Amino acid sequence: MTKPSLPDLLHAAVTAVGGTERPGQVAMAEAVAGAVDEQAHLLVQAGTGTGKSLGYLVPALAHGERVVVATATLALQRQLVERDLPRTVEALHPLLRRRPEFAMLKGRSNYLCLHRLHEGVPQEEEDGLFDVFEQATPTSKLGKDLLRLRDWAGETETGDRDALTPGVSDRAWGQVSVSSRECLGASKCAYGAECFAEAARERAKLADVVVTNHALLAIDAIEGAPVLPQHEVLIIDEAHELVSRVTGVATGELTPGQVNRAVRRAAKLVNEKAADQLQTASETFERLMELALPGRLEEIPEELGYCLMALRDAARTVISALGSTRDKSVQDEDAVRKQALAAVENVHAVAERIANGSEYDVVWYERHDRFGASLRVAPLSVSGLLREKLFDDRSVTLTSATLKLGGDFNGVAASLGLAPEGTEGEDVPPWKGLDVGSPFDYSKQGILYVAKHLAQPGREGSRTDMLDELAELIEAAGGRTLGLFSSMRAAQAAAEELRGRLDVPILLQGEETLGELIRAFASDARTCLFGTLSLWQGVDVPGANCQLVVMDRVPFPRPDDPLMSARQKAVEEAGGNGFMAVAATHAALLMAQGAGRLVRATGDRGVVAVLDPRVERARYGSFLRKSMPEFWYTTDRNQVRRSLAAIDAAAKAAESSQAAQPEAADPED
């Protein structure tokens, strides 16, 4: 039988999802197919609107071997599993003469635990198990959530938290879920045969395509114990997020509250001497943390070092004792023991890691108004880990709308542990970079405006000239503005000031859930939405209601960010340009993502305004501009006001015309 061609397969898939074939999508699919066949590595930049999901799914399904697709966001996972994969599989089935299976796999804590649901939550303060369903009042928010979870448990097929609509609070979900460390294991659990997490793993073992997230991919790589099924091909979507997600998984934390919980959970399961030893070490740690000042610890202070060694040794003693001591008063001892062991093992692991003082780790204190002080440790770089664990024995394709920074792929590649493109040698995974462009004509659809006349932003103080400029731009645009700010304080100050000046609604991140804010912004042309990091990457509002995207300043990392400053210093000590490799690359990635909020469809028009003159004046300004879509560029404030007013007038005319059209007659009338 003749093997179906890739163009035929892609055409069938695009038709099935109701899309339009794009040249970039075809080029991407061919490149992915080539990389898979050659067991090679590929970085693909595919602009918004390319249809990159089908650009990698079609060649992956055609390949026939198991493929793992890892994404960063829940929205894309849902789109793949609920929309793209079912339709694509259905469309390709007649051509492939087989029906590829697909499944979603997440970390264990994402699935409802039947043992927790039916037996209750081990509580350190009480004998036995605490039935939170009985204790929570039915009229409280927690009580309502828990009762709904109990009903849902009898209906759901997957037990996946994300399938529960509307969702529940983290506190409520914590009562019915367990981490992998707390899990009893299917063979020891009375509910093992019905376990949702185990069922998800079994489905993944049988699937041709497994959709997962960056965090689980990182756990699979870091912990050495395979979580994902064996696979020939790995595709990482939203790859610009990978380094930060892997860093998050590889970061350890100790807080007084966390250590105290470990003490309480273990106290009734070990002998008094072991419990007292951990209690004493915990109290010493708590006293030290009361005095902790935020910032990096380039060397571990002697007193903290002794305290961490005491915590490590006491935790090790408790872990050994947990295996032999039995307390007859404890009900469901296996569950209680497992939860205690998980808590104490975490204390032991983090205390030992910090006490050992690896040159490849960064250690710092953080202090939160609400949560108090914490001691944190993270890898100086994850590039070596990724090079060793990611690119071995499989073909890896990484894709995103933003992988080329400053005009090439090498910056992102270096963060992934890859040498510059074309480098050859042992232990150097070869790779190719491909930019398939975008279906949008950025130079005709958008303007990049840099307000070079403004004063350079300082670290502190109000920016009156910036707020004046922002107000004028919003007035010219008639609202329709997404304001992306480098800090929550700046977003709040701008919202407070402009609400008093302008006759347009201004929504502020934090005053409502993000989903509600975006819905309100998308539904009213005059509305503006101000916020920080999650808005830079998480807003998709095509059409006339988002015609001005404003960035208040270049989003460099905070100078006091311990991890970023340590990474910058390490690059400089190795002879590189730390500022460009770390701070400028971080800013460029965010600015590329932020600018991408403007044009989401072929009919979109608008302006990206950067209210920071350094993008025009500073030496690194051209690097930042090259990282953004190729909009028409200007520093002429009057030109931009005229353009915004014209875009606003056109949008209003289109809205009036649409409103004036008579509604189509109902065919049933």
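## Basis and confidence

The structure is a predicted model in which local features need pLDDT of at least 70 and side-chain atom pairs count only at pLDDT 80 or more, whereas totals for chains, interfaces and linings use all residues. Residues are numbered from 1 along each chain as its sequence is written, and side-chain values use heavy atoms, with hydrogens and water left out.

The mean pLDDT (the predictor's confidence in each residue, from 0 to 100) is 89 for the chain, and 93% of its residues reach 70 or more. Two stretches call for separate mention. Over residues 124–130 pLDDT stays under 50, and the model has 21 contacts (heavy atoms within 4.5 Å) beyond four places in sequence for them. Over residues 664–669 pLDDT also stays under 50, but for these the model has zero contacts beyond four places in sequence.

## Salt bridges

With a salt bridge taken as a side-chain nitrogen of Lys or Arg within 4 Å of a carboxyl oxygen of Asp or Glu, the count comes to 34. One of them joins Asp 237 to Lys 52, with the closest N and O atoms 2.6 Å apart. Asp 237 lies in the loop between β7 (233–236) and α11 (242–249), while Lys 52 belongs to helix α3 (residues 52–63), so this pair ties together parts that are 185 residues apart in sequence. Both Asp 237 and Lys 52 are buried, where buried means under 20% relative accessible area, exposed over 50%, and partly exposed in between (1.4 Å probe, protein chains only).

Arg 161 forms a salt bridge with Asp 170, the closest N and O atoms being 2.8 Å apart. Arg 161 is partly exposed, with a relative accessible area of 22%, and Asp 170 counts as exposed at 61%. A network of salt bridges links Arg 312, Asp 313, Arg 316 and Glu 352.

## Helix α7

Helices (H or I, at least four residues) and strands (E, at least two) are DSSP runs, numbered from the N terminus. Helix α7 has 13 residues (141–153), and at 1.5 Å a residue it should span 18 Å, which agrees with the 18 Å between its end C-alpha atoms; the expected span is 1.5 Å times one less than the number of residues.

Within α7, Lys 141 and Asp 145 are four residues apart, about one turn of the helix, and they form a salt bridge whose closest N and O atoms are 2.8 Å apart. Lys 141 counts as exposed at 56% relative accessibility, whereas Asp 145 counts as buried at 5%. The buried residues of α7 also include Leu 142, Leu 146 and Trp 152.

In helix α21 (residues 514–523), Leu 517, Ile 518 and Phe 521 are buried. They cover an arc of only 95° around the axis, taken from the directions from the helix axis to the C-beta atoms, which puts them on the same side of α21. On the other side of α21, Arg 519 and Ser 523 are exposed. The buried residues pack against β15 (481–484), β16 (506–508), β17 (528–531) and α22 (533–538).

His 368 lies in strand β10 (residues 361–368) and counts as partly exposed at 36% relative accessibility. Its side chain makes a polar contact with the side chain of Glu 366 at 3.1 Å; a polar contact is a pair of N or O atoms within 3.5 Å, and within protein one must be able to donate a hydrogen and the other to accept it, while residues adjacent in sequence count only if both atoms are side-chain atoms. His 368 and Arg 519 are 151 residues apart in sequence and 31 Å apart in space, C-alpha to C-alpha.
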